[in-house]
There are 2 protein chains.
Amino acid sequence: MKWDALEEEPCSLARTVAVIGDRWSLLILRECFLRIRRFDDFQASLGITRHLLADRLKKLVRFGVLRKIPYQEAPKRYEYILTQKGLDLYPIIMSIVHWGNIHMVDARGRPLLHEHKSCGKMFDPVMVCSECGEPLSAKHVHVHPGPGVRRSSPLHASARERTKRNAEQA
Amino acid sequence: MKWDALEEEPCSLARTVAVIGDRWSLLILRECFLRIRRFDDFQASLGITRHLLADRLKKLVRFGVLRKIPYQEAPKRYEYILTQKGLDLYPIIMSIVHWGNIHMVDARGRPLLHEHKSCGKMFDPVMVCSECGEPLSAKHVHVHPGPGVRRSSPLHASARERTKRNAEQA
DNA sequence: ATTGACAGTTCTAAAATAGAACTTATGGTC
DNA sequence: GACCATAAGTTCTATTTTAGAACTGTCAAT
């Protein structure tokens, strides 16, 4: 499958993966949330090749996640800053960091701690239901087809039916 | 940078990206949460090449996200099911889906809707502070170095200092 | 005039991925 | 017994992506 095809999938996860689903994009975005804004700073901070950094920044701008803002004329220089669409990625970043904190830390413990300025405490992110406020887990969620579903898609179609068959036989 | 180096970074995001930060792993995990369990079902559902699917499943098992469970002898066959570590990825999956729902859907609307069985309503996931319960946004969070931070790391070190310099000059 | 900062671009070699065919083990059908 | 199907991979070559380093263009300061 090509990357371009991913953008067209009738699946919100696939379409988001088209934006952030490579090795570097999420790391670049982490730096953005840590207030890194300039090309050479990204490069020094991440150890990414300049070639790929240029390519990924271009992609993130194209998707509207970052915006180029001039910070000097002559020579023209730009900073890359998060748009609202980019800021909205924060829950994704935080849930990834949290999973790593729980499952991937070594003996030394967490690399970073997060303080919630509103309440002044160190916190972990918790994902809750928008309607009742209870914490979410996979087993309490049921999935329904929405208006944008496409039946003929390779995703969600054939394999699910086969698996249902398997389940019924068991 | 090599994938192996990513696992060793003193950054919970980088270490999680080492597990799920490629084009296919998240898509495979989505299928897991939709109760796909078998090799050929993953393959038919995703259109991934068999080679890569075998490789990714192996990786996810190695990281303890999936577990192989035999479902028949002669010939020996296995299903891939989520471990608790894998189930804990649910907030990541849901926040990705939600971002796609908000920012990447086309005119037809959302491909899937989510019902919270506990309260019976269609919901969106919301990320809140574990201490005060308020919704989180990047601007209300302050980051502190934790016990596992490494100062000499290429990540978080040089570029941040340079950027601080830049900020001070401005 | 030379050096350094900044933001890229260009180049070659190495690694990862796509796409298709092949393998192994078994059970059922003609 | 020969043939086909199922399931879970493995192997193969061609293409694409990435790594790593060097190079370019613009300007400011020394």
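**Close-up views of a predicted two-chain model**

E31(A) is placed in helix α3 of chain A; helices (H or I, at least four residues) and strands (E, at least two) are DSSP runs numbered from the N terminus. The model is predicted, so local features require pLDDT of at least 70 and side-chain atom pairs count only at pLDDT 80 or more, while totals for chains, interfaces and linings use all residues. Residues are numbered from 1 along each chain as its sequence is written, chains are lettered from A and ligands numbered from 1 in the order in which they are written, and side-chain values use heavy atoms, with hydrogens and water left out.

**View 1. Helix α3 of chain A and the side chain of E31(A).** Nine of the nine residues of α3 (residues 25-33) are buried, so the helix is largely enclosed by the rest of the structure. Buried denotes under 20% relative accessible area, exposed over 50%, and partly exposed the range in between (1.4 Å probe, protein chains only). Among the buried residues of α3(A) are S25(A), R30(A), C32(A) and F33(A). E31(A) has a relative accessible area of 0%, and its side chain joins that of S45(A) in a polar contact of 2.6 Å. A polar contact is a pair of N or O atoms within 3.5 Å; within protein, one must be able to donate a hydrogen and the other to accept it, and residues adjacent in sequence count only if both atoms are side-chain atoms. After α3(A) comes R35(A), with a positive phi near 75°.

**View 2. The largest nonpolar core.** This core has 83 residues, and I28(A) and I28(B) have the most contacts inside it. A nonpolar core is a set of buried Ala, Val, Leu, Ile, Met, Phe, Trp, Tyr and Cys residues joined through side-chain atoms within 4.5 Å. Not counting residues up to four places away in sequence, I28(B) touches residues including F42(B), I48(B), R56(B) and L60(B); contact means heavy atoms within 4.5 Å.

**View 3. The interface of chain A and chain B.** In this interface, 100 residues of chain A are in contact with 102 residues of chain B. The two chains bury about 9,600 Å² between them, 64% of it on carbon and sulfur atoms; buried area is the accessible area (1.4 Å probe) that two parts lose on being put together, summed over both. In chain A, L13(A), R23(A) and W99(A) lose the most area to chain B. The rule finds two salt bridges across the interface, and the side chains of R15(B) and D106(A) meet in a salt bridge at 3.1 Å, N to O. A salt bridge is a side-chain nitrogen of Lys or Arg within 4 Å of a carboxyl oxygen of Asp or Glu.

**View 4. Helix α2 of chain B.** Nine of the nine residues of α2 (residues 12-20) are buried, including R15(B) and T16(B). The buried residues of α2(B) pack against α3 and α7 of chain A together with α1, α3, α5 and α7 of chain B.

**View 5. Salt bridges around D22(B).** R56(B) forms a salt bridge with D22(B), the closest N and O atoms being 2.7 Å apart. R56(B) lies in helix α5 and D22(B) in the loop between α2 and α3 of chain B, so the pair ties together parts 34 residues apart in sequence. D22(B) also forms a salt bridge with K59(B), at 3.1 Å between the closest N and O atoms. D22(B) is buried at 6% relative accessible area, R56(B) counts as buried at 15%, and K59(B) counts as buried at 12%. The side chains of R56(B) and D55(B) meet in a salt bridge at 2.8 Å; D55(B) is partly exposed, at 38%.
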